[in-house]
Amino acid sequence: MPENIKITVNDKENLFKEGTSVKEIFEEFGVLSREIIAGGCNGKLLNLSDKVNDSRVISPIKSSSPEGEEILRHSTSHIMAQAVKHLFPDVKFAIGPAIENGFYYDFDLEHSFVPEDLEKIEKEMKEIVKVNYPFSKKLVSKEEAVNYFKEKGEIYKLEILSEIPDDTVSMFTQGDFTDLCRGPHVPSTGYLRNFKLLSVAGAYWRGDEKNKMLQRIYGAAFATKEELKKYLNFLEEAKKRDHRKLGKELDLFSINENIGPGLILWHPKGAMVRKVIEDFWKDEHIKRGYQFLYTPHIARVDLWKISGHWDFYKENMFSPMEVDKGQYMLKPMNCPFHIMVYKSKTRSYRDLPVRYAELGTVYRYEKSGVLHGLLRVRGFTQDDAHLFVTPEQLEDEIIGVLDFTKHMIETFGFDKYNIYLSTRPEKYVGSLENWELATNSLRIAVEKLGLPYKIDPGEGVFYGPKIDVKLVDALGREWQGPTVQVDFNLPERFDVTYIGQDGKAHRPIMLHRVVLGSMERFFGTLIEQYAGAFPVWLAPVQVKIIPIADAHLDYAKKVYNLLFEHGIRVELDSRSEKMNSKVRDSEKEKIPYTLVLGNREAENGTVSIRQRKKGNLGAVKLEDFLTEILGKIKNRTID
RNA sequence: GCCGACGUAGCUCAAUCGGUAGAGCAACUGAUUUGUAAUCAGUAGGUUAGCCGUUCAAGUCGGCUCGUCGGCUCCA
């Protein structure tokens, strides 16, 4: 006969039936963790499925497993809510989930939180931790919960409750604070020690801009002090990689108030990097059978009416300008222009696929609050191309584009990016058959190339399925970069055709694609990828020559001329400064190679190489250095 | 666009209770000629984002505008 056995949970003795699983015990208390340690059993880890047959003290480990962290973070959001309630009794609560690296909670409160409030809240949270309130779970009827929150005036909780279909709901209480919550939670507030409140931001209730804007407090929370420290350190390091900061420090680009927000000035150094990228981009396009176009920046409103942009995209376009009684608009896209080139004569199936590429500068009126350095701007140059293909060619062309994209990402050394395949949304144009064909082609292409991807179901644009590559910035935020999009819409609108073997007109399928995204966004993520220390082939200045004294200027000029003649981007620092000072400047400019030249070098025909971050590497023959650096440039070596 | 914070010399920052806007670096001039991350001295640099207001007096307090930052929303 199974007997009741005593098990200590949350410092209280409880009776359980023999053979109860660890999972059941924790569910009872609303406490769950993947790895569970049982104190009193020699520190042996118990699995959730283990049965308990003797008296034990059970508590969840402070786990760094994903589930454990989520529970920890969610629990931390509860004690933040409790702390806020203590300090601001009028507060109304919305939601407070765990997120990557931490948590947030949305509050409705008259008073606007200021940074000092975060400190106070954090202090109060530490008090709550100190008291070590147990988290206790209680199942109540929905009606009971409604009454509870109605009395407290918690309108947001009531709204959530009204959407829960179940008859019973669970409530979690720690100390004087009770929240509607599915759980699970850690056993008690004492488990939550490694957290930090980071920022306060506005957020619409339910993420809908028609709703009231609430105040959201973000925090970080980890299982261990080390992990929290590591994360806070990461945030500090990320600030140093910020392309906006580096753009200023390295004199790459600027944005001028008088010119306008979101409009980029490329300074000489930034423009040089862009030139290198563009040259490479163009060469690769020629290799892959593309033809280049140049098209205007403005077009009559009529064009945008045909394309549909006037009806569906107007709020994102700069206002029309009056010219000779007609209206012109800045282009937000290049596609209609490319279509017009295609349509400039009758096309045969023999001409297909047609691949038109252009570094096309477009202007989009982005809302002021979304602008972000180089990563979200109002004027930018897409490395655009449009392909006109037959249905039979679709798959091969998509593979070609994705292979191209992969080649670019690898050459530029990106190691952080995510690929998404977006499928048919509810509202769409084109035939189901074509959607099927295109979606499959995209899937086959991405799989053939061995690229890991995720599916975004229903997230495709109305005119066709697409694959997006999202580049990741220093803080881990995603920015859409390369993309290939199938378009069933524009060929219809513009009545694009080709004459088939049967002598009849057919509708080609159109592909839009960018392999970098835009020059601005790509450059921004590139700066963050390398923290401004570009590989030699991309560096705006590849070599800095530092003569030790004026006496060495002649030799320095000789070295300079030789490198310059070989197309190396070289600068000679002939200022009357100390060598140490010039070395420091060169290092701060993140120049890959610094050559220090004095008597020894001049006599032996050598150069003393100082490599970025590595320090002095000693002297080598000038010719040997030339060979090495030319090799690295040619191979686009990534250090 | 929305919520909040912020805006001082080219850059990084200071300026107590509202009482003459300062420093370092950079720039310029001169001296210095140096062996791997800052040579010394001097000079110049400002309508404190802009406008309006309160006040004897505004970088500082209030209002509006512009811009930036963090989010939200948006992102053909």
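Strand 24 (residues 417-422) runs parallel to strand 25, with 3 bridges between the two; strands pair when DSSP finds at least two bridges between them, and both helices (H or I, at least four residues) and strands (E, at least two) are DSSP runs, numbered from the N terminus. This is a predicted model, where local features need pLDDT of at least 70, side-chain atom pairs count only at pLDDT 80 or more, and totals for chains, interfaces and linings use all residues. Residues are numbered from 1 along each chain as its sequence is written, while chains are lettered from A and ligands numbered from 1 in the order in which they are written.

**The sheet around strand 24**

- Tyr420 has Lys454 of strand 25 as its bridge partner.
- Helix 13 (residues 432-448) packs on the sheet, where it touches strand 24, strand 26 (466-472) and strand 27 (478-487). Its direction is at about 155 degrees to that of strand 24, with axes fitted to C-alpha atoms, for helices over the stretch in contact, and angles running from 0 to 180 degrees between N-to-C directions.
- The sheet is open and mixed, with 8 strands ordered 18-22-23-30-27-26-24-25.
- Strand 18 (291-292) and strand 25 (454-456) sit at the edges, each pairing on one side only.

- Leaving out residues up to four places away in sequence, Ile545 touches several residues, including Val559, Leu595 and Leu597; contact takes C-beta atoms, placed from the backbone, within 7 Å.

**Around RNA strand B**

- RNA strand B is surrounded by 54 residues, and the closest are Gly202, Ser368, Gly369, Gly598 and Ser608; near means a C-beta atom, placed from the backbone, within 6 Å.
- Helix 17 supplies the largest share of this surface, 7 residues.
- By type, the surface splits into 20 nonpolar, 19 polar and 15 charged residues. Nonpolar covers Ala, Val, Leu, Ile, Met, Phe, Trp, Tyr, Cys and Pro, charged covers Asp, Glu, Lys and Arg, and the others, Gly among them, are polar.

**Chain A overall**

- Chain A has 19 helices and 35 strands.
- Of its 639 residues, 36% are buried, meaning 20 or more other C-beta atoms within 10 Å of their own, with C-beta atoms placed from the backbone.

Technical notes. Contact = placed C-beta atoms within 7 Å. Buried ≥ 20, exposed ≤ 12 C-beta atoms within 10 Å, placed from the backbone.
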